[in-house]
Amino acid sequence: MTLSRWLPHGVTRTARRLQRRVLQPRLRIVYHEGYSASFAGAPSDALRAERILAALASEGLALRRCVWRPEPVWLKTLELVHDPAYLDALHDPATVGSALGIEIDRMLAERVLDLQRLMTGGTLMAMRRARRGGLGRGRRSVVGVNLGGGFHHAQADHGAGFCLLNDIAVAIADERRRGFKGRILVVDLDLHDGDGTRALFAADDSVHTFSIHARHWGPTDAVESTSLELGESVDDDFYLDTVRKELPRVIERFDPRLIVYLAGTDPAADDSLGSWRISPSGMLARDLFVVEQVRRARAQLCILLAGGYGSKTWRYTARFLSAIERGGEPIEPPSTAEITFKRYRWISSLFSAADLSGAGDDEFGITEADLYLPGWGAARERRFLGFYTRHAIELVLERAGFLDRLRDLGFSHPTLDFKLGDDGDTLRIYGHPNRSELLLELRVRRDRRVLAGLELLSIDWLLLQNPRAEFSARRPRLPGQEHPGLGTVGDVVAMLIMACGRLHLDGLVFVPSRYHIAVYGRRHMRFVDPETQALFEALYDLLRDLPLAEASRAVEEGRVVDQETGETVSWRPEPMGLAASEAMKTRLAEQDREITSPRLALRPAPASPSARNLS
């Protein structure tokens, strides 16, 4: 998928006026549709780069002429930094798996290597854009940005920490080969130590490696290096004070001509792997301070994404890059759910009705279902929801990158299975052609009973699970779960909403069987029954400060009570809807009358047997 195809179409009228005022856009963004892949074994967002670009494009901050498409780095260029024997060993899945910390098969190993070669090529291109832009009177400085890269743990003869190739060192070596002799400063503000980059330049006094991180990952000796270990649970004040104190000293003394900034977002408080407590405002203040120091030094700037984990991490980078383009005034990016809907709306626009229904499969548009005549037996339903061919569904899942995300999790041959019937249609996706390891099970049907006069797409059942993953403190077991989830519920809901538009249905409806399932849908969905919605909001207000697993267990265990009646509040599995038509929006608004919310209280959890014995 090539997002640059739709960049101009996402520009609003206000953004177009902004474009006319900004004669020389500052950002030179490097992106490739191949970036939409994830690292196995880490909660990385496969769509991180795509979401950043989509958010910028929707505000007119990513023009087609300023988005560059990289090529995978040549093997000969990699040999400027990495040992040939190590590069040969990367064809062995065991070598790749050791850097990722898991066992992987050959297909996944090749995908990870291809991704990092592509992103390394992106770093080379971003650095060239920054170098060629330079600084000049009467025009803005140019910033080269790679929406990937930052593989700072990789060393000459081995990889580590999800990093196979050190793209920073490879790009610097390439610039040296091209004749650049200026001093280079690598500012690494990823949560994790830039140990690989430091080791590669340990004896090079023309490259200073500056890293502020939680823990050292290796030796800190180098002729030009600043390596600061801050420990765990770092907050805004300590972090920003350290950056503001240490970075200007280095820049003033070292006087770099080129600064490579690894703008890792894993210091953020909501990062899935992070241990620091940096707020969104703290992250933006950090990033803009770095840019200001670059400006003061009149140096050239190349930005790489580096670390950042979870579905929200892209928003920090989008906010930062928009502030660069807008002279310090950032946009507030949409939510991940909103950008997901925009993405699938664009994907849906790529397919015609004939593409999805198979009407164009033959010269006359005749299908097998058309050959059944009265008296010859009833025609059986041949299409999913009466419209989609099986081929079309697989094509959409491939085009959206959904099946690739399953492959990134180690399921190298995801297999689709359909069951179509009068009472609903079922789609299952297995991890293997032998129908083992069920990953997704979706049962849907058209429904006219929930809201009279409206036809809805009803989700009778949705299961998303990763049978190879394990529960942990970060991913605790939720009530009813047998395996951890896939992290794709937003994608599935977005695709179903697009189906509502395609099939002229009024909206989506499902019945959450448990409290935590309703919480997942809370941002965009509401209960059809006003009293149930009022009860749910009261529950959410009471339990919002608890971890979701603990909150859901409290409801399951009957620990929520009505303060007025003293009765236990039981969960009500009632329909929850999302409007796709104006008719349904109006209907839900009419039903959104004022209902007095119950006053709820939470009983303490019963003490464990061991705790009672100790008392």
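Student: What share of the contacts in the protein chain with a separation of 6 or more comes from residues 24 or more positions apart?

Tutor: Such residues account for 69% of those contacts. Keep in mind that this is a predicted model. The protein chain has 21 helices and 17 strands, and buried residues make up 55% of its 615 residues.

Student: Why is Ser-412 called buried?

Tutor: Buried means under 20% relative accessible area. Ser-412 has 17% relative accessibility, so it counts as buried. Ser-412 sits in the loop between helix H15 (402-408) and strand E9 (415-421). Leaving aside its neighbours within four places in sequence, Ser-412 is in contact with Asp-105, Met-107, Arg-407 and Gly-431.

Student: What makes the pair Ser-412 and His-413 a polar contact?

Tutor: A polar contact needs a pair of N or O atoms within 3.5 Å, and for residues adjacent in sequence both atoms must be side-chain atoms. The side chains of Ser-412 and His-413 are joined at 3.0 Å, and the pair is a polar contact.

Student: Why is Pro-604 called exposed?

Tutor: The cut-off for exposed is over 50%. Pro-604 has 70% relative accessibility, so it counts as exposed. The loop that holds Pro-604 runs between strand E17 (600-602) and helix H21 (609-614). The C-alpha atoms of Pro-604 and Ala-554 are 8.9 Å apart, although the two are 50 residues apart along the chain.

Student: Why are H9 and H10 called roughly parallel?

Tutor: Angles under 35 degrees count as roughly parallel. Helix H9 (residues 236-254) and helix H10 (residues 280-297) pack at an angle of about 10°, with their axes 10 Å apart. H9 and H10 are therefore roughly parallel to each other.

Student: Which residues meet where H9 packs on H10?

Tutor: On the H9 side they include Leu-240, Val-243 and Leu-247, and on the H10 side they include Ala-285, Phe-289 and Val-290. By class, this contact of H9 with H10 has ten nonpolar, three polar and three charged residues.

Student: How do you know that E2 and E6 are edge strands?

Tutor: An open sheet of eight strands has the order E2-E1-E3-E8-E7-E4-E5-E6, with parallel pairing. Strand E2 (67-68) and strand E6 (225-229) each pair on one side only, and they are the edge strands.

Student: What makes E7 and E8 a pair?

Tutor: Two strands pair if there are at least two bridges between them. Strand E7 (residues 258-262) and strand E8 (residues 300-304) are joined by five bridges and run parallel. Tyr-261 stands opposite Ile-303 in E8.

Student: Which strands of the sheet does H7 touch?

Tutor: H7 packs on the sheet and touches E4, E5, E7 and E8, and its direction makes about 165° with that of E4. Angles over 145 count as roughly antiparallel. H9 also packs on the sheet, touching E4, E5, E6 and E7, at about 175° to the direction of E5.

Student: What makes helix H7 mostly covered?

Tutor: Nine of the eleven residues of H7 (residues 167-177) are buried. Among them are Ile-168, Val-170 and Ile-172. After H7 comes Gly-179, whose phi is positive, near 110°.

Student: Why is E5 said to be largely enclosed by the rest of the structure?

Tutor: Seven of the seven residues of E5 are buried, so E5 is largely enclosed. In a regular strand the side chains alternate between the two faces of the sheet. Val-207, Thr-209, Ser-211 and His-213 are buried on one side of E5, and His-208, Phe-210 and Ile-212 on the other. Strand E4 (residues 184-188) is mostly covered, with five of its five residues buried. Five bridges join E4 to E5, and the two run parallel; Leu-185 stands opposite His-208 in E5.

Student: Why is one side of E9 and of E14 left without a neighbour in the sheet?

Tutor: Seven strands form an open sheet in the order E9-E10-E11-E12-E13-E16-E14, with mixed pairing. E9 and strand E14 (526-527) stand at the edges with a single partner strand each, so one side of each has no neighbour in the sheet. Within this order, strand E13 (residues 507-510) and strand E16 (residues 576-579) are joined by four bridges and run antiparallel. Leu-508 stands opposite Leu-578 in E16.

Terms used:
Residues are numbered from 1 along each chain as its sequence is written. This is a predicted model: local features need pLDDT of at least 70, side-chain atom pairs count only at pLDDT 80 or more; totals for chains, interfaces and linings use all residues. Side-chain values use heavy atoms; hydrogens and water are left out. Axes are lines fitted to C-alpha atoms, for helices over the stretch in contact, and angles run from 0 to 180 degrees between N-to-C directions. Angles under 35 degrees count as roughly parallel, over 145 as roughly antiparallel, 65 to 115 as roughly perpendicular and the rest as oblique. Contact means heavy atoms within 4.5 Å. Ala, Val, Leu, Ile, Met, Phe, Trp, Tyr, Cys and Pro count as nonpolar, Asp, Glu, Lys and Arg as charged, and the others, Gly among them, as polar. Buried means under 20% relative accessible area, exposed over 50%, partly exposed in between (1.4 Å probe, protein chains only). A polar contact is a pair of N or O atoms within 3.5 Å; within protein, one must be able to donate a hydrogen and the other to accept it, and residues adjacent in sequence count only if both atoms are side-chain atoms.
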